[in-house]
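Student: I would like a close look at one part of this protein. Please pick a helix and take me through it.

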Amino acid sequence: LWKRLFANVLIFVAEILECLSHTNETVPVESENVRPPLNLFDLNRNMRRCYDECQPYLETFLGLRDLFLWRNPLSTLLLFWTSLYCIYRGCLISVFLFLILFQMLLNYFDHCCGISFGINILPRRHCTKNISESIPQGSQLISEVARQVQLCLHYGAEILEKFKNLLTWENPNLTFRFCLIVLFYFVLSILVTTSQFLTFLGFGIAGKLFIMQYLYFRFPRLRHQLDLIVWFYDRLPSNVSSRSSEAGMQQRSSSTHKVGNSATTESNNIEDQKRYSVKNNEKSAWHCVLLDKQKRFPYVVGTGRMYISNRHIRFDYVPVRSTKSTSFSIEFGKILAITKGRLVKYFSFNDGMAIEVYTVGRQKPYVFAGIVDRDDCMQYLLAAAAEALHPSWSLNAVLRYALALRGALYALQLLINVAWLRYQKHSASSLD
């Protein structure tokens with residue numbers, strides 16, 4: 001054994017010396033490889049190969065996701081306490097490397113010796129359908145690849161631009177908060193030892209994976225308030241958003257100047273078109289799905305945009321099994337009630353967030369589902385409905401006035417009763 005080891009060392013040293021004997025001046029420069037032409041058959045084959053090899057990793061990722069989302073509470077709780085104990089004892093890396101060696105040993109017995117123990121260290125969720133079967137064919141494959149590349153480039157450019165703007169103080173308030181976070185960890189690293197600092201980071205990562213991930217999944221809007229990465233990503237500006245905001249401000253200023261110089265008598269259609277314009281008023285349009293619960297299942301009318309004017313709600317959509325765009329409107333005078341709704345039973349448009357509109361002559365409501373900013377849209381819709389029903393009074397003002405009037409009448413009636421009782425008492429005493 002020692003002779004074989006010594007011979008392998010000598011061979012390795014000889015190969016290293018041979019590599020050092022050839023420099024870049026003696027070795028001829030290889031000619032630049034010619035780009036191969038685009039071959040649709042090779043593209044389809046390589047994508048299928050890639051998807052087939054990604055299948056076990058995707059199943060492992062889904063298994064870990066189910067574990068962090070507490071789909072199996074006993075397994076998640078056991079892993080959570082085990083990880084906390086390993087972090088506290090400082091043996092997490094040793095346990096991780098031991099699990100890798102143990103898995104490699106199981107793979108050796110399975111693939112080389114034909115002995116399968118049926119043990120897998122990482123959790124896996126078996127997918128019923130192979131993802132390679134969903135690959136489109138022909139020219140659709142090229143368009144799908146181009147679309148995915150466009151999407152990846154978009155998010156890549158957004159992340160790089162936002163990170164550059166964070167470092168170059170484009171938004172001083174956000175960059176100052178980022179510096180405070182870095183300062184906190186810097187002071188913490190000075191005050192505690194390296195092992196204690198790594199233990200603190202380990203507890204933070206474990207809490208984020210096992211506790212915060214479930215809260216983010218259960219309450220999606222919570223991620224935008226507590227997750228630091230998502231919080232900075234939502235608020236940091238990119239180059240495209242900065243240019244569009246500047247262009248929007250210029251467009252608003254020019255439009256207000258034109259309105260000031262134009263005549264005040266304009267038709268209702270022109271006013272609606274201005275209100276419907278998403279560029280001039282982004283808060284008056286929401287992308288959603290219209291459902292009519294008086295129809296048969298699945299109730300879907302179409303997907304489009306809901307526009308709110310000062311007279312009615314308009315929904316421009318493309319009907320199901322159709323390519324022509326159509327419009328649908330609900331007058332504010334025909335609306336009986338507007339409530340928030342959830343469609344957990346049948347649909348999952350934006351976690352079931354929806355707005356239900358009850359109208360005259362209908363038992364079941366119209367449902368606008370899949371609205372991202374459902375609460376903002378609800379407030380805007382209620383304000384527009386109150387303004388349409390009575391332009392000078394809001395609904396809250398009417399209610400406050402009615403309650404105040406009722407209280408004043410009640411107080412007046414109470415004073416009259418007290419005065420009448422005192423009068424009867426005085427008249428009785430005078431008779432005696």
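Tutor: The model is predicted. Take helix α7, residues 194–218. How far apart should its ends be? At 1.5 Å a residue, the 25 residues of α7 should span 36 Å. The end C-alpha atoms of α7 lie 35 Å apart, which agrees. Yet α7 has a kink of about 40 degrees, centred on M212.

Now the side chains. Which residues of α7 are buried? They are F197, T199, G202, A206, G207, F210 and Y216. In an α-helix, residues three or four places apart point the same way, because there are 3.6 residues a turn. The cover over the buried residues of α7 includes α2 (40–68) and α3 (73–89). It also includes α6 (172–191) and α8 (223–226).

I119 sits in the loop between α4 (92–111) and α5 (139–167). Is I119 buried, exposed or partly exposed? Its relative accessible area is 45%, so I119 counts as partly exposed; the exposed class starts over 50%.

Last, the setting. The chain has 13 helices and 7 strands. Of its 432 residues, 22% are buried. The chain exposes about 32700 Å², with 63% of that supplied by carbon and sulfur atoms. Among contacts with a separation of 6 or more, 51% join residues 24 or more positions apart.

Note on methods:
Residues numbered from 1 in each chain as written. Predicted model: local features only at pLDDT ≥ 70, side-chain atom pairs only at ≥ 80, totals over all residues. Heavy atoms only, no water. Helix = DSSP H or I, 4+ residues; strand = E, 2+ residues; numbered from the N terminus. Expected span 1.5 Å × (residues − 1). Bend = angle between axes of the 7 residues up to and from the residue. Buried < 20%, exposed > 50% of the residue type's maximum accessible area, 1.4 Å probe, protein only. Contact = heavy atoms within 4.5 Å. Areas by Shrake-Rupley, 256 points an atom, 1.4 Å probe, with all protein chains shown as cover.
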